[in-house]
Amino acid sequence: MEELIAKAIDAREKAYTPYSHFKVGVCLKAKNGETFQGCNIENSSYPATNCAERTAIFKAVSEGITDFSCIVIVGGRENEKPDFCPPCGICRQVMAEFCDPETFQIILAKSEKEYKMYLLKELLPLSFVGDLL
Ligand code: THU
């Protein structure tokens, strides 16, 4: 866990946030052991911004990896220590596309030693998934 958190902290350094100055870094772990780092990437047209979680998930999926076990999220205001940073609704929905809600873990970390762990089903109950279509 400490290693995954360290990678999320490292990814946060790359966040491109000239507008919000709120920096998020993640480390997504695939079931095959591979990890994917991601950061938020903002845009002058605000809705074009991509969250850190989706950056990492889309990186992985575009490399052919679609089975994931957990994601570590580290976020907070620029030049401040990270606070617990829960994923936004859109990112939860994207997680639900690829991850088993019963087992996928979402870890919110302030530091290598201080973190909280949730299951996707706790953060996105009664989700709309492809089986319904
Ligand atoms: N942000 C993320 O990267 N992940 C989330 O789940 C919440 C929000 C980013 C988007 C934007 O760049 C900044 O945080 C402020 O909303």
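Reader: How many helices and strands does the secondary structure of the chain come to?
Author: This is a predicted model, where local features need pLDDT of at least 70, side-chain atom pairs count only at pLDDT 80 or more, and totals for chains, interfaces and linings use all residues. Residues are numbered from 1 along each chain as its sequence is written, and side-chain values use heavy atoms, leaving out hydrogens and water. Helices (H or I, at least four residues) and strands (E, at least two) are DSSP runs, numbered from the N terminus. Counted that way, the chain has 4 helices and 5 strands.

Reader: Which pattern does the chain follow along the sequence?
Author: Let's read the helices as α and the strands as β. Along the sequence, the pattern is α-β-β-α-β-α-β-β-α.

Reader: What radius of gyration does the chain have?
Author: The radius is taken over C-alpha atoms, and the globule rule is 2.2 Å times the number of residues to the power 0.38. For 133 residues, a compact globule would come out near 14 Å, and the chain agrees, with 14 Å.

Reader: Is T55 buried or exposed?
Author: T55 lies in helix α2, residues 52-62. Buried means under 20% relative accessible area, exposed over 50%, and partly exposed in between (1.4 Å probe, protein chains only). Because T55 has a relative accessible area of 12%, T55 is buried.

Reader: Which residues does T55 touch?
Author: Contact means heavy atoms within 4.5 Å. Not counting residues up to four places away in sequence, T55 touches G38, C39, I41 and N50.
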